Amino acid sequence: MSYWNNQPAMDDYGLPSSNPYGNFTVVDMAPKDILHMIHPHWYQYPPMNPMMYPLLLIFMLFTGILCLAGNFVTIWVFMNTKSLRTPANLLVVNLAMSDFLMMFTMFPPMMVTCYYHTWTLGPTFCQVYAFLGNLCGCASIWTMVFITFDRYNVIVKGVAGEPLSTKKASLWILTIWVLSITWCIAPFFGWNRYVPEGNLTGCGTDYLSEDILSRSYLYVYSTWVYFLPLAITIYCYVFIIKAVAAHEKGMRDQAKKMGIKSLRNEEAQKTSAECRLAKIAMTTVALWFIAWTPYLLINWVGMFARSYLSPVYTIWGYVFAKANAVYNPIVYAISHPKYRAAMEKKLPCLSCKTESDDVSESASTTTSSAEEKAESA
């Protein structure tokens with residue numbers, strides 16, 4: 001290809017044949033049409049170890065296939081099982097959809113760039129690629145926030161809380177995508193910009209420019225997609241844990257007064273189902289924050305301590321963030337009894353139902369029935 005024409009002769013390991021590094025930098029591999037987008041900071045680093053590219057390519061291929069298959073199955077099972085088509089599960093479907101779209105748009109381009117060891121898809125698609133990644137990531141985290149808030153409403157407020165209806169869930173989902181698009185489209189209009197990452201296999205926000213306009217976007221956007229959701233999630237789960245603890249204490253005290261070991265009535269089963277779903281949401285949110293914290297650190301280190309940021313370190317943002325898109329269908333397949341039951345009927349080869357699911361499924365049915373009655377009221 002033409003972008004190789006001006007590069008020095010390479011040995012079998014993809015490095016200049018005359019000198020393993022010399023003055024050759026990671027930027028020298030980039031085609032000329034994206035050089036204006038690359039910050040001078042990256043010119044001081046030699047090429048990454050050539051083995052990093054095939055390893056990253058294999059990782060992306062593996063996670064891409066798992067993510068697309070897992071989230072597609074999740075969407076298909078939820079949408080084709082009547083008992084799973086509840087307002088709360090619309091948020092679960094939206095989460096699976098945002099994860100599916102992220103990997104569908106992210107992993108094929110990365111396969112190409114890892115093969116060529118640099119971004120070869122042009123400056124325009126670099127910006128589109130970064131926009132889609134930010135958009136799907138933002139939609140995922142705020143979907144998780146609304147899932148958490150729904151559990152807070154059910155468990156903490158109980159009958160005093162307003163039940164989630166299909167109309168309300170749809171409005172939440174619309175709000176998530178409109179706000180996500182609004183924030184992520186801002187760099188196209190001069191508030192920050194999308195540029196190649198230091199490893200040149202992907203693109204993201206510009207966290208190396210020192211102008212106040214560029215940095216102000218990162219301050220505000222970091223608050224919107226990380227710090228604010230984290231604060232809301234912590235707040236909700238503090239009160240969820242308090243409510244669960246108070247309920248369990250009340251159940252034990254009541255059982256003690258009655259001279260029995262425990263209370264096993266319908267209300268206890270309902271609360272048990274709600275608490276189980278809260279654990280599912282909490283696990284998924286925790287995994288999301290583990291996945292996206294490296295990207296936050298890369299952005300903030302790039303702003304305030306760029307000397308510590310090398311092209312290799314920027315790869316960790318990819319690894320954790322892309323792996324996150326695989327987590328959610330696995331978490332729901334393992335933890336959601338009605339989902340497992342539906343999987344056993346529709347896709348027996350992927351079934352992961354256990355013997356203990358019958359009791360859990362009964363409890364889950366109780367919660368779903370209560371939601372449906374509330375919605376029709």
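**A walk around the helices and a nonpolar patch**

Visitor: Which residues make the nonpolar surface patch of about 480 Å²?

Guide: Happy to start there, keeping in mind that this is a predicted model. The patch covers about 480 Å² of surface.

Visitor: Let's turn to helix packing. Are helix 1 and helix 2 roughly parallel or antiparallel to each other?

Guide: Helix 1 runs over residues 52–79 and helix 2 over residues 87–116, and their axes come within 8 Å. The axes cross at roughly 155°. Angles over 145 degrees count as roughly antiparallel, so helix 1 and helix 2 are roughly antiparallel.

Visitor: And is the crossing of helix 1 with helix 2 left-handed or right-handed, and how many nonpolar residues does the contact have?

Guide: Helix 1 passes helix 2 in a left-handed crossing. By class, their contact includes five polar residues and one charged residue. The nonpolar count is 23.

Visitor: How are helix 2 and helix 4 oriented, roughly parallel or antiparallel?

Guide: Helix 4 spans residues 166–185, and its axis comes within 8 Å of the axis of helix 2. The two cross at roughly 25°. Angles under 35 degrees count as roughly parallel, so helix 2 is, relative to helix 4, roughly parallel.

Visitor: What is the handedness of the crossing of helix 2 and helix 4?

Guide: This is the pair whose axes cross at roughly 25°. The crossing of helix 2 and helix 4 is right-handed.

How values were computed. Residues are numbered from 1 along each chain as its sequence is written. This is a predicted model: local features need pLDDT of at least 70, side-chain atom pairs count only at pLDDT 80 or more; totals for chains, interfaces and linings use all residues. Side-chain values use heavy atoms; hydrogens and water are left out. Axes are lines fitted to C-alpha atoms, for helices over the stretch in contact, and angles run from 0 to 180 degrees between N-to-C directions. Helices (H or I, at least four residues) and strands (E, at least two) are DSSP runs, numbered from the N terminus. Angles under 35 degrees count as roughly parallel, over 145 as roughly antiparallel, 65 to 115 as roughly perpendicular and the rest as oblique. A crossing is left-handed if the near helix is turned anticlockwise from the far one by less than a right angle, and right-handed if clockwise. Ala, Val, Leu, Ile, Met, Phe, Trp, Tyr, Cys and Pro count as nonpolar, Asp, Glu, Lys and Arg as charged, and the others, Gly among them, as polar. Patches are made of residues with over 30% relative accessible area and no salt bridge: like charges are joined within 9 Å, nonpolar side chains (Val, Leu, Ile, Met, Phe, Trp, Tyr) within 5 Å. Accessible areas come from the Shrake-Rupley method with a 1.4 Å probe; for residues, only the protein chains shown count as cover. A salt bridge is a side-chain nitrogen of Lys or Arg within 4 Å of a carboxyl oxygen of Asp or Glu.
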